[in-house]
Structure formats: structure tokens, C-alpha cells
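User: I would like a close look at one helix pair and its surroundings. Please keep it brisk.

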Amino acid sequence: METLAGWGLRPELGKHALDRRGFMAGSDEDRLADLNDALRDPGVRAIVAATGGAGAYRIVDGLDLAAVRADPKPVVGFSDISNLHIALWAATGLAGVHGCVGTGGRTDESCRRLLFETEPITLHAEPSSVTVPGRATGVLVGGCACAVSNFLGAGLPHLDGAILCLEGPQNPHFDRMLWGMLRAGLLDGIRGFAIGDLIGLDPSVAEPGPDQAMTVIRERLGGLGVPILGGLPFGHREDQVCLPLGVEATLDAHAGSLTADSAVC
Amino acid sequence: MNAAQLNEALRDTTVRTIALDGDHRVLDRLDLDAVRADPKPIVGTGGTTFVHMELWRVCGLVGYHGNGQIRLGSLQLTGETWVPGRVEGVLLGGSLGPLRAMVGAGLPSLDGAILLLTGERTQGLGQVDRQLTHLIRAGALKGVRGVAVGHFAGFDGFVDREWSLNDVLTDHLNTLNVPVLGNLPIGPGRPPVPIGVSAVLNATEAVLSVG
């Protein structure tokens with residue numbers, strides 16, 4: 001809240017933001033009501049999730065899509081909030097911000113840029129064993145891998161023309177997910193893959209090792225004939241760089257860069 | 001067992017039963033002709049549900065969910081009434097993780113079925129919640145007549161912020177408006193139960209009759 005106020009914004013806390021029900025922040029009805037109130041309120045210009053958003057997948061079918069279409073505004077968050085990003089993008093093409101606010105450093109700075117400036121943002125990748133050379137342009141889609149899997153056969157459209165962004169911690173079923181996407185044909189026509197912090201333990205992988213998720217990516221996606229850029233600094237890490245979603249981007253795996261339009265225009 | 005080993009067992013006419021620790025990786029390489037020429041029961045839990053569901057959908061093969069020796073004849077299993085009622089249907093399903101992973105990727109229609117749900121803990125309650133939410137949101141449980149809940153390994157005594165596994169399960173299953181029978185002795189480490197055969201779920205009397 002302090003960071004947002006420091007940017008000249010007037011942050012308002014959702015009515016039920018501090019509620020508790022089991023491992024979630026209140027009932028589905030209350031969390032959905034808070035979210036839809038914010039989507040409908042013309043005074044609200046962005047929705048920022050304080051933390052991960054456990055259970056966000058449970059309320060995606062109740063989002064007020066008419067309000068989103070009438071007055072689009074970015075949702076900022078990651079982890080389970082990726083469920084909201086995917087649902088809103090699939091239904092309305094809404095742009096969002098994968099990341100968070102309030103941890104300081106380049107995380108806050110990249111978030112501020114994406115919310116206040118219209119200039120494109122460039123993320124630079126570290127060397128990665130999954131990178132497949134090439135250059136691709138497409139719409140950035142995805143986020144936390146375990147949220148993507150929630151939409152297979154349940155609202156995720158074919159990703160032709162898209163660059164799929166994947167990150168996430170400790171996903172024991174990452175290989176299953178990519179298998180399912182390939183089997184369902186969802187990746188036909190995909191332009192490329194942008195891989196963030198993806199530290200997975202996948203017991204089904206053929207050659208286990210410390211970077212099992214990377215092995216899975218090489219096995220499942222490495223032969224699709226499209227560029228893959230690994231080592232991007234978005235995801236579950238302390239100094240994550242915020243990534244815009246639902247916007248056009250150019251991935252250059254030679255240069256190790258991902259340049260994307262801002263979340264606002 | 002990888003796909004090559006499984007196919008070898010499927011083709012070997014002297015093999016009469018296969019105890020399988022399966023996964024999704026074998027599905028795209030299954031020797032379906034061998035299954036059709038010489039159908040034989042495949043017994044297992046967890047990832048073997050991938051194989052059970054695929055071979056039921058493609059070949060109509062009856063699989064066995066559980067571990068150990070197959071028991072011949074009909075089975076009467078006692079559980080616990082969660083939502084009362086009595087329904088008849090074909091018993092289908094198995095391990096929750098594989099069932100949700102097959103949504104949009106080969107999960108057979110469950111319309112008219114009695115759904116069997118078991119599981120293994122690889123993460124916390126949130127994972128079970130995600131998996132069940134996914135199945136329901138995808139419409140995969142449309143037409144399910146009743147739910148038979150078996151054993152979820154690794155969740156005994158597990159509580160997260162005052163919620164147990166049964167809280168997560170009933171939170172979803174009680175909204176389906178069908179009879180639900182919980183705590184059945186089916187699943188990992190439990191004797192095999194045939195999948196793809198007629199069953200009667202009497203949740204009022206807390207009995208599941210199979211075959």
C-alpha cells in the first residue's frame with residue numbers, strides 16, 4: 001500500500017481482503033464480490049493482489065466480463081493470480097501484469113513502468129539450457145504453469161499466434177501439463193516460449209536432475225520448431241521483473257531479450 | 001514400466017495380469033491391437049489411471065484400480081454416507097490427478113457414470129482443490145450420477161489452517177447434487193476394484209456394490 005501511495009495513487013483495500021476460510025482469504029462469494037466491485041468501479045484504475053491469491057481458480061467463472069469490456073484495467077499479481085490473467089485474457093483479451101508490488105528494487109520499478117508508461121519494456125535473459133534460437137512475435141499469454149493447467153479443456157483457447165510464458169515453483173506435474181497441451185493440439189501455431197523462474201520437481205521426467213523442469217521443456221517443446229527463451233527474470237524469485245501479459249511482444253532468442261508493449265496504452 | 005515393457009507384456013499371451021505403475025508417458029505408444037487381440041486386466045493406482053481411462057475409452061478394456069490380487073465375483077464395499085441417495089451406473093475414474101490431467105486430452109465421457117475418486121498426496125490441500133475445481137469447471141463431471149470416494153494416500157491426519165482433505169472434497173462434491181459415499185476401502189494399497197463395470201452406489205446405506 002505504501003509503495004502504491006508513493007506513486008501518487010490512492011490504494012483501497014478490498015472489503016474482504018483480510019478474511020480467512022481454510023487456506024483461502026474468505027469465501028468464494030466474498031472474494032469474487034471484492035474483485036467485481038473493483039472491476040466495476042470507474043475510480044479504480046488497476047487491481048493489485050497483495051499476495052498469491054490462493055483459490056483464485058475457484059472464482060474465474062463469476063468475473064464480470066461486461067464490466068471488463070466496458071472499462072478495461074490491468075490486474076497485477078502472480079502465482080494463483082495467473083488464473084485471473086488467463087481467464088480475463090481468454091474472454092476479453094485484457095492485458096495484465098505478472099508480478100507484484102512492494103518488494104522494492106527492479107520489481108517495483110518494472111511494475112510502475114508497466115502501469116504508468118506506454119513505452120515497451122525489455123527483459124534480458126540469463127543463459128539457459130532450454131533456449132532454442134530464433135525470433136518470434138506474438139501475444140504474451142500464461143504465467144504460473146500450475147494456473148495454465150487449470151484451463152486445459154476449461155477455457156484456454158488454441159494458442160496460435162501466442163508466445164506462452166511459463167514460470168512456477170515445485171510443480172510435480174509439469175510434464176503432464178505439456179503432454180496434455182500437445183495432445184489437445186493447444187500448441188498448434190504457437191510462436192514461441194518465454195521461460196521464467198521454473199524450479200520443478202517432476203517425478204515422471206525421463207532423466208531426473210536438479211533442473212527437471214528444464215529437461216521437460218527440452219523434451220516436449222525443444223523440437224516444435226519455434227524459439228524458446230529460457231532464463232528470463234520473471235516468476236517466483238525475490239527480484240522478479242514484472243512482465244506484461246496480453247500484449248504484443250518480440251522474443252529474440254539470439255539476443256536473449258523479450259521486448260513487450262506496456263500494460264497500458 | 002515404460003511403454004516398450006508394457007507393450008511386451010500386452011503381447012505376451014502367457015501374461016494374464018499386468019501390475020502396472022503407469023503414467024501419461026506410455027499413452028501415446030500403447031499397442032492397441034495387442035489389447036484388442038488379448039484383453040487382460042491391468043492393475044494399479046496413481047498414474048495407472050491414465051492407462052485405465054485410455055484403454056476403457058479406446059478399447060472398452062476393464063481395468064482394476066488398487067493393488068494386489070484381483071478378487072473374483074461381485075464386491076460389496078462399506079463406506080460413510082456424505083450425501084444420501086441410491087444410483088446405478090458404470091464405475092469409472094480412479095486417481096484424481098491423472099483424471100484432471102486428461103481433461104481435453106482423452107478423458108472419456110463420465111455421463112451416466114459413478115465416479116471413483118482416489119489420490120496420492122504430492123502437495124497440499126490446494127492441489128486437490130485445484131484438481132477438483134478443474135474437473136468441475138471443464139464440465140467433465142456433467143452427468144455423473146454419484147461419487148465413490150476412496151483412499152487419498154498421505155492425507156491421514158493432515159490439516160492446513162483448520163481444513164482437512166474431507167473439507168476440500170465435500171466443499172466440491174456436495175455441490176454436485178448427487179449421492180456421495182466417502183471413506184471407501186479403494187485406492188493405493190487397497191484390493192483392486194474393476195473400473196468400467198456396472199455398480200450400485202447406495203450412499204444412504206453406505207454400500208457400494210460392484211459387478
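In which hand, left-handed or right-handed, does helix 7 of chain A cross helix 8 of chain A? Please describe the packing around that crossing too.

Analyst: The crossing of helix 7 of chain A past helix 8 of chain A is right-handed. Note that this is a predicted model.

Start with the geometry. Two packed helices are described by the angle between their axes and the distance between the axes. Here, the axes of helix 7 of chain A and helix 8 of chain A (residues 212-221) come within 10 Å. They cross at roughly 15 degrees. Angles under 35 degrees count as roughly parallel, so helix 7 of chain A and helix 8 of chain A are roughly parallel to each other.

Next, the residues that meet. Helix 7 of chain A contributes A:Phe174, A:Asp175, A:Leu178, A:Trp179 and A:Leu182. Helix 8 of chain A answers with A:Ala213, A:Val216, A:Arg220 and A:Leu221. By class, this helix-to-helix contact holds seven nonpolar and two charged residues, with no polar ones.

Helix 7 of chain A also matters when we turn to chain B. In the contact between the two chains, 20 residues of chain A touch 24 residues of chain B. On the side of chain A that touches chain B, the largest share comes from helix 7 of chain A (residues 174-183), with four residues. That side of chain A divides into nine nonpolar, seven polar and four charged residues.

Now the setting of the pair. Chain A has eight helices and eleven strands. Its radius of gyration is 18 Å, close to the 18 Å that the globule rule gives for 265 residues, so chain A is as compact as a globular protein of that length. Along the principal axes, the C-alpha atoms of chain A fill a box of roughly 50 × 40 × 30 Å. Of the 265 residues in chain A, 52% are buried. Among contacts in chain A with a separation of 6 or more, 75% join residues 24 or more positions apart.

B:Pro41 is in the loop between helix 2 (32-37) and strand 2 (42-44) of chain B. With 16 other C-beta atoms within 10 Å, B:Pro41 is partly exposed. Beyond its neighbours within four places in sequence, B:Pro41 is in contact with B:Thr17, B:Val62, B:Gly63, B:Tyr64 and B:Ile70. B:Ser164 is 123 residues from B:Pro41 along the chain, and their C-alpha atoms are separated by 34 Å.

Key:
Residues are numbered from 1 along each chain as its sequence is written. Chains are lettered from A and ligands numbered from 1 in the order in which they are written. This is a predicted model: local features need pLDDT of at least 70, side-chain atom pairs count only at pLDDT 80 or more; totals for chains, interfaces and linings use all residues. Two residues are in contact if their C-beta atoms, placed from the backbone, lie within 7 Å. Helices (H or I, at least four residues) and strands (E, at least two) are DSSP runs, numbered from the N terminus. Ala, Val, Leu, Ile, Met, Phe, Trp, Tyr, Cys and Pro count as nonpolar, Asp, Glu, Lys and Arg as charged, and the others, Gly among them, as polar. A residue is buried if 20 or more other C-beta atoms lie within 10 Å of its own, exposed if 12 or fewer, and partly exposed in between; C-beta atoms are placed from the backbone. Axes are lines fitted to C-alpha atoms, for helices over the stretch in contact, and angles run from 0 to 180 degrees between N-to-C directions. Angles under 35 degrees count as roughly parallel, over 145 as roughly antiparallel, 65 to 115 as roughly perpendicular and the rest as oblique. A crossing is left-handed if the near helix is turned anticlockwise from the far one by less than a right angle, and right-handed if clockwise. The radius of gyration is taken over C-alpha atoms; the globule rule is 2.2 Å times the number of residues to the power 0.38.
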